Structure formats: structure tokens, C-alpha cells
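User: I'm new to this one. Can you walk me through some of its side-chain packing?

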Amino acid sequence: MTPAALLALLGLVDAAFSGFRAYAGRDARIRKQRATVRAALRGLAVGAVLLLVPVLTASCLLLTAPDPARTYAGLTAGAVGYLLPLGGYALAVLLSLAAYFVLPFRAGTLAMVIGLGPLTLLRPLAVAAACAGAVLNGGGPDSLLVGVVAGVAVLCVGPAVHRRWYTAVQ
């Protein structure tokens with residue numbers, strides 16, 4: 001599996017969570033599983049569309065490169081460097097989610113507040129660290145460009161879903 005496929009999968013999962021976050025806390029009903037799934041699917045759909053932008057950016061770089069093999073190698077190295085900080089961030093999110101589902105109600109809620117709350121706020125820093133990782137791993141300016149475009153795309157999913165479907169919900 002190439003690093004690009006792992007990054008795309010990670011981006012799509014993050015997009016689904018972004019859709020959920022755009023909806024979370026906006027509905028006082030106790031049973032809201034259907035609405036939660038709908039919100040996650042909306043995030044997934046918006047994320048899939050927005051993540052086409054970095055794919056197109058990388059494709060244009062490869063098609064216009066004087067040495068496509070060298071550009072591909074640089075983009076691959078950058079993708080691995082991009083994946084390392086995001087992998088650590090995703091692991092922290094997974095541990096927080098596992099604590100929420102495994103622990104008793106009060107402890108699980110505390111794990112959610114202590115873990116996922118701050119981790120949500122740290123998403124832009126995780127993307128910045130991923131961009132730095134792409135450059136430090138030898139990706140060069142091309143991988144930095146694709147990384148910044150991908151980071152902006154992922155960070156725009158939540159606001160786009162919120163603005164499109166949930167602004168009127170109080």
C-alpha cells in the first residue's frame with residue numbers, strides 16, 4: 001500500500017469525523033443515531049470532493065515535471081514524512097475513542113472531554129507538523145505544496161458541512 005492511499009484513507013475518516021463534529025451537540029434528542037450517521041456521511045462526501053484537489057495538484061505536478069520519476073520519488077518521500085505526524089495524531093484520537101467506548105459512562109465522558117476536545121483544537125497543528133515532516137523527509141517543495149493543499153482541504157470539511165447543513169440548527 002502506498003503512503004498516498006493511507007493518507008487518502010486517513011483524510012476520508014477525518015472527513016467523516018468532521019461531519020459528525022459539525023452536527024454534534026446540535027440536537028437534544030436522545031436517540032439520534034440516524035442523524036449522526038447522516039452527518040458523518042455528509043462529511044465523508046464533502047471530504048471526498050475536497051480531497052480531489054490535492055490529487056489533482058499532485059497529478060499536475062507529475063504531468064508537467066521534467067523528470068516524472070524524480071518528482072514521484074519526492075512526492076512519495078514527502079507522503080511518508082506527512083504520514084508520520086498524522087499517524088501519531090490518529091493514534092491519540094483512536095486511544096481517546098477507545099477509552100470512551102470501553103470505560104464506564106463517566107470515565108468515558110471524561111476521556112472524551114480531556115482527549116478529543118483538545119485533539120480537535122490541535123488539528124491545524126497536526127497538519128502543520130505533517131507539512132514540516134513532508135519537507136524534512138526529503139519531499140521538497142512539490143510535496144510541501146501537495147501537503148498544504150491537502151491540509152487546507154481536510155481542515156475545510158467541518159466548516160463546509162456546518163455552513164451547508166447546520167447553520168440554522170440551534
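Analyst: Tyrosine 166 is buried, at a relative accessible area of 5%; buried means under 20%, exposed over 50%, and partly exposed in between, with a 1.4 Å probe and protein chains only. The model is predicted, so local features need pLDDT of at least 70, side-chain atom pairs count only at pLDDT 80 or more, and totals for chains, interfaces and linings use all residues. Residues are numbered from 1 along each chain as its sequence is written, and side-chain values use heavy atoms, leaving out hydrogens and water.

User: How many aromatic pairs does a search of the whole structure find?

Analyst: It finds 2. Rings of Phe, Tyr and Trp (its six-membered ring) pair if their centres lie within 6.5 Å; planes under 30 degrees apart count as stacked, over 60 as edge-to-face and the rest as tilted. Tyrosine 23 and tyrosine 166 make a tilted pair, 5.4 Å centre to centre with 50° between the planes.

User: Which helices do those two lie in?

Analyst: Tyrosine 23 is in helix α1 (residues 3-23) and tyrosine 166 in helix α7, so the pair ties together parts 143 residues apart in sequence. Helices are DSSP runs (H or I, at least four residues), numbered from the N terminus.

User: Is tyrosine 23 buried or exposed?

Analyst: Tyrosine 23 is buried, with a relative accessible area of 5%.

User: And what about tyrosine 100 and phenylalanine 101?

Analyst: Their ring centres are 5.0 Å apart and the planes are at 70°, so that pair is edge-to-face. Tyrosine 100 is partly exposed at 32% relative accessibility, while phenylalanine 101 is exposed at 65%.
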